[in-house]
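Before reading on, please take a moment to look over the sequence and the model.

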Amino acid sequence: MIHSLLTRMPMPVKLGIPVASALLVAACGSAASSSSSAPASSAAAAGSSAAAAGSSASAAATGTVITTHAGSGGAFLTTSTGQAVYLWVKDGKNMSACSGACASAWPPVTATGTVTAAGSAQPSELGTITRSDGTKQVTYDGHPLYTFVGDSGPDQTSGQGSDNFGAKWWLVAPSGTQITAADTASGSGSGSASSNTGAGY
């Protein structure tokens with residue numbers, strides 16, 4: 001029956017059947033391959049989204065770290081980059097009296113993310129206060145913490161013993177007491193210092 005139908009068809013139609021069949025097969029193959037590649041590209045997109053989410057979660061998990069460095073006058077607190085941190089004896093407990101020009105020379109250690117302790121620093125001594133400009137400043141045993149613009153690099157302590165702005169600036173021991181001994185890390189302490197240590201308040 002099929003043979004008799006084919007014999008009665010004009011020649012152009014007979015030639016079109018195999019071409020149409022080939023096009024149909026090609027179209028089906030293309031659809032199958034695009035549908036099989038769709039899950040792969042979706043998986044790749046999901047993977048890159050997960051990587052981006054992991055990266056932002058990692059960034060969100062980072063925060064201010066207070067750690068320690070061994071100095072000639074004893075271990076003292078530093079930031080995670082090794083910058084020495086100081087207390088100012090003019091401050092009250094959990095209160096900063098340093099603002100304006102003082103805060104420009106002695107930048108407050110600000111809290112970003114979670115404030116954590118490393119090295120010999122004690123997590124229980126860490127806290128924060130809110131400054132007049134709304135920023136959060138890190139405290140240790142109630143002492144607001146500062147860095148010093150005169151320190152040229154990690155573990156420099158040129159602010160030790162300074163009496164800028166009318167009161168002494170001291171390094172902070174892991175116990176929370178002020179270190180009043182000279183520190184030779186920078187070789188250029190800017191004020192006289194005794195060998196005694198004691199509480200700032």
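## Strands and their partners

In this predicted model, strand S5, which covers residues 126-130, runs antiparallel to S6 and is joined to it by five bridges. Within this pair, threonine 130 has lysine 136 of S6 standing opposite. The two strands form a hairpin in which five residues lie between S5 and S6, and glycine 134, in the turn, has a positive phi of about 90°.

Strand S6, made up of residues 136-140, is mostly covered, since four of its five residues are buried. S6 also pairs in the antiparallel sense with strand S7 (residues 143-144), here over two bridges, and threonine 139 stands opposite proline 144 in S7. S6 and S7 likewise make a hairpin, with two residues between them, and the turn holds aspartate 141, whose phi is positive at about 55°.

Elsewhere in the chain, an open sheet of three strands shows mixed pairing and has the order S2-S1-S4. Its edge strands are strand S2 (74-79) and strand S4 (116-117), each of which pairs on one side only. Strand S1, residues 65-71, is antiparallel to S2, and six bridges join them; glycine 71 stands opposite glycine 74 in S2.

| Pair | Bridges | Residues standing opposite |
|---|---|---|
| S1 and S2 | six bridges | glycine 71 and glycine 74 |
| S5 and S6 | five bridges | threonine 130 and lysine 136 |
| S6 and S7 | two bridges | threonine 139 and proline 144 |

## The chain as a whole

Taken together, the secondary structure comes to three helices and ten strands, and along the sequence these follow the pattern α-α-β-β-β-α-β-β-β-β-β-β-β. Of the 201 residues in the chain, 29% are buried, while the accessible surface comes to about 10,500 Å², with 62% of that area belonging to carbon and sulfur atoms. Among contacts between residues at least 6 apart in sequence, 63% join residues that are at least 24 apart.

## Confidence in the model

The pLDDT averages 75 over the chain, and 61% of the residues score at least 70. Over residues 30-60 the pLDDT is below 50, and this stretch has zero contacts in the model beyond near neighbours in sequence. Residues 18-28 also have a pLDDT that stays under 50, and for them the model has zero contacts beyond four places in sequence.

Methods:
Residues are numbered from 1 along each chain as its sequence is written. This is a predicted model: local features need pLDDT of at least 70, side-chain atom pairs count only at pLDDT 80 or more; totals for chains, interfaces and linings use all residues. Side-chain values use heavy atoms; hydrogens and water are left out. pLDDT is the predictor's confidence in each residue, from 0 to 100. Contact means heavy atoms within 4.5 Å. Two strands pair if DSSP finds at least two bridges between them. Buried means under 20% relative accessible area, exposed over 50%, partly exposed in between (1.4 Å probe, protein chains only). Accessible areas come from the Shrake-Rupley method with a 1.4 Å probe; for residues, only the protein chains shown count as cover.
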